[in-house]
Amino acid sequence: WVDSLKKNLSLAGYYDGAALERTLLAKFALAGLGILVALIGPQIGAAGMKPFWIIGLAAFGFWVPDLLIYSKGKERQAKIELELPDTLDQMRMSVDAGLGFDAAMQRAAQAGDGPLAQEMLRMLHEIQLGVSRAEAMKDLADRTNVSDLDSFVLAIVQSSSYGIPVAKVLRVQSDELRSKRRDRA
C-alpha cells in the first residue's frame, strides 16, 4: 500500500522524502476529522445510523488524499504526453545542428518549463551523479507512466547498444509521435 502511494506521489511529481510523510499525516488527520464531524454533527437519517456515518466519513477523509494525488498524477502524465513530440523535435534539431545527445537533451529541458522538462533535468542530474545513461533513462520511464516516453527510452537505449545514430532514432520517434498525436486529434 505504501509502495503504491509512493508510486502515485512520483507520478504526481512529488519526490521529496517528506511528501509521503505529509500525505500519511493528511490521510489520518482527515479520517480523524471525519470521525469528529460524525460524532459532533447533528443526527442525520434514521436512529442507529451514527456508526455508519462515522465509518463513512472516516473512510472518505482517509481516501481523499489518494484521489487528489491520483488526479494530479494523471494530469501530469497527460502534460508529459502532450509535450513529448515538441521536445523530441527540439532535440532532433539540436542533434542535427551538431550537439551530442546529452547536450541536446539539456538544451531541450532548459527550454521547456513543464513536467517533461523537469523529468529530463532530473535524469541529466542522475547521469552527472554517475548513473549510466541507460539506467537513468529507464528511471525516467519508471517515474512517468507515458507509453510514448517508454518507447522513446527503449529506442534510445537500443540505439546506443547497437550503434544506431541517435539523430535517426530521434527523427523516427518524432515523426511517429506526431502521427500518433494527429490520429488522437
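Trainee: Is Phe-62 buried or exposed?

Mentor: This is a predicted model, so the answer is a computed one. Buried means under 20% relative accessible area. Phe-62 has a relative accessible area of 15%, so Phe-62 is buried.

Trainee: How many aromatic pairs does the structure hold?

Mentor: The structure holds two aromatic pairs. In one of them, the ring centres of Phe-28 and Phe-62 are 5.2 Å apart and the planes stand at 65°, so this pair is edge-to-face. Planes over 60 degrees apart count that way. The pair joins distant parts of the chain, since Phe-28 is in helix α2, Phe-62 is in helix α3, and 34 residues separate them. Phe-28 is exposed, with a relative accessible area of 52%.

Trainee: What is the geometry of the rings of Phe-62 and Trp-63?

Mentor: The ring centres of Phe-62 and Trp-63 lie 5.1 Å apart with planes at 90°, so that pair is edge-to-face. Trp-63 counts as partly exposed, at 40% relative accessibility. Phe-28, Phe-62 and Trp-63 form one aromatic cluster.

Trainee: Now for charges. How many salt bridges does a search of the whole structure find?

Mentor: The general idea is that side chains of opposite charge can pair when their charged atoms come close. A search of the whole structure finds twelve salt bridges. One of them is between the side chains of Lys-27 and Asp-66, at 2.6 Å from N to O. Lys-27 belongs to helix α2 and Asp-66 to helix α3, 39 residues apart, and the pair links distant parts of the chain.

Trainee: Are Lys-27 and Asp-66 buried or exposed?

Mentor: Lys-27 and Asp-66 are both buried.

Trainee: Which residue meets Arg-76 in a salt bridge?

Mentor: The side chain of Arg-76 meets that of Glu-119, with N and O at 2.9 Å. Arg-76 counts as buried at 9% relative accessibility. Glu-119 is buried as well, with a relative accessible area of 1%.

Trainee: What else does Arg-76 reach or contact?

Mentor: Its side chain reaches the backbone oxygen of Leu-11 at 3.5 Å. To read the contacts, leave aside the neighbours within four places in sequence; Arg-76 is then in contact with residues including Ser-10, Ala-12, Tyr-15, Pro-115 and Gln-118.

Trainee: Leu-11 came up there. Which residues of helix α1 are buried?

Mentor: Helix α1 covers residues 2-12, and its buried residues are Leu-5, Leu-9, Ser-10, Leu-11 and Ala-12. They pack against α2, α3 and α6 (133-143). Just after α1 comes Gly-13, which takes a positive phi of about 95°.

Trainee: Where do Lys-180 and Asp-148 lie, and how do their side chains meet?

Mentor: The side chains of Lys-180 and Asp-148 meet in a salt bridge, 3.1 Å from N to O. Lys-180 lies in helix α8 (residues 166-184) and Asp-148 in helix α7 (residues 147-162), so to speak of position, the pair links distant parts of the chain, 32 residues apart. Lys-180 counts as partly exposed at 30% relative accessibility, whereas Asp-148 is buried, with a relative accessible area of 4%. Salt bridges can also share partners: Arg-76, Glu-119, Glu-126 and Arg-143 are joined in this way into one network.

Trainee: Which residues make the nonpolar surface patch?

Mentor: The patch is made by Leu-30, Leu-33, Ile-35, Leu-36, Val-37, Leu-39 and Ile-40, and has an area of about 610 Å². Leu-39 is in helix α2 (residues 17-40). Its relative accessible area is 47%, so Leu-39 is partly exposed.

Trainee: What about Leu-30: where does Leu-30 lie, and what is Leu-30 in contact with?

Mentor: Leu-30 lies in helix α2. Leu-30 counts as partly exposed, at 31% relative accessibility. Apart from neighbours within four places in sequence, Leu-30 is in contact with Gly-61, Val-64 and Pro-65. For a distance along the chain, take Leu-30 and Asp-16: these residues are 14 apart in sequence, and their C-alpha atoms are separated by 22 Å.

Methods:
Residues numbered from 1 in each chain as written. Predicted model: local features only at pLDDT ≥ 70, side-chain atom pairs only at ≥ 80, totals over all residues. Heavy atoms only, no water. Patch = residues over 30% accessible without salt bridge, like charges linked within 9 Å, V, L, I, M, F, W, Y side chains within 5 Å. Areas by Shrake-Rupley, 256 points an atom, 1.4 Å probe, with all protein chains shown as cover. Salt bridge = Lys/Arg side-chain N within 4 Å of Asp/Glu carboxyl O. Helix = DSSP H or I, 4+ residues; strand = E, 2+ residues; numbered from the N terminus. Buried < 20%, exposed > 50% of the residue type's maximum accessible area, 1.4 Å probe, protein only. Polar contact = N/O pair within 3.5 Å; in protein donor to acceptor, adjacent residues only side chain to side chain. Contact = heavy atoms within 4.5 Å. Phe/Tyr/Trp six-rings, centres within 6.5 Å; stacked < 30°, edge-to-face > 60°.
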